[in-house]
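Here is a short briefing for a first look at this model. Keep the sequence and the 3D view side by side as you read.

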Amino acid sequence: SLPQHVGFIIPTPNTMRTEIVRSAARTARQGAKRAMSSQPKLHKSKDAWTQLEATRPPKDPHEHLVFEPPFNPVVTTSLIIAVVAGGIGVMYQGFAHQQYKQGYWKK
């Protein structure tokens with residue numbers, strides 16, 4: 001017998017799990033009963049393809065990449081060095097801050 005309290009059943013983990021499963025099954029059954037149209041929808045893009053193709057810009061033979069050469073080697077090298085040095089500097093500052101904060105290093 002389930003424990004009762006003033007006219008209603010106190011939910012237990014098993015009864016809650018059962019209700020969740022029942023609710024999911026009920027929802028799945030209702031979703032499966034969706035009414036279908038009388039016939040499938042026909043996509044007729046093949047009939048309008050030439051008209052659609054005419055509205056597009058002309059094809060460009062050049063593939064546009066994100067990074068396209070020529071690169072200036074001085075600018076590229078300096079940017080790479082700045083990013084790497086900045087990352088090392090940020091990590092070192094965080095490391096030093098933690099060492100001082102936790103008392104391992106003294107100022």
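Predicted model: local features only at pLDDT ≥ 70, side-chain atom pairs only at ≥ 80, totals over all residues.

Helix 3 covers residues 73-101, a run of 29 residues. At 1.5 Å a residue, helix 3 should span 42 Å.

**The ends of helix 3**

- Asparagine 72 sits at the start of helix 3.
- A side-chain oxygen of asparagine 72 comes to within 3.2 Å of the backbone nitrogen of valine 74.
- Glycine 103 follows helix 3.
- The phi of glycine 103 is positive, near 85 degrees.

**Glutamine 99**

- Glutamine 99 belongs to helix 3.
- Is glutamine 99 buried or exposed? Its relative accessibility is 16%, and the cut-off for buried is under 20%, so glutamine 99 counts as buried.
- Which residues does glutamine 99 touch, leaving aside those up to four places away in sequence? They are Tyr104 and Trp105.

**The chain as a whole**

- The chain holds three helices and two strands.
- Read from the N terminus, the order of elements is β-β-α-α-α.
- The chain has 107 residues, and buried residues make up 2% of them.
- The accessible surface of the chain is about 10600 Å².
- Carbon and sulfur atoms account for 64% of that surface.

How values were computed: Residues numbered from 1 in each chain as written. Heavy atoms only, no water. Helix = DSSP H or I, 4+ residues; strand = E, 2+ residues; numbered from the N terminus. Buried < 20%, exposed > 50% of the residue type's maximum accessible area, 1.4 Å probe, protein only. Areas by Shrake-Rupley, 256 points an atom, 1.4 Å probe, with all protein chains shown as cover. Expected span 1.5 Å × (residues − 1). Polar contact = N/O pair within 3.5 Å; in protein donor to acceptor, adjacent residues only side chain to side chain. Contact = heavy atoms within 4.5 Å.
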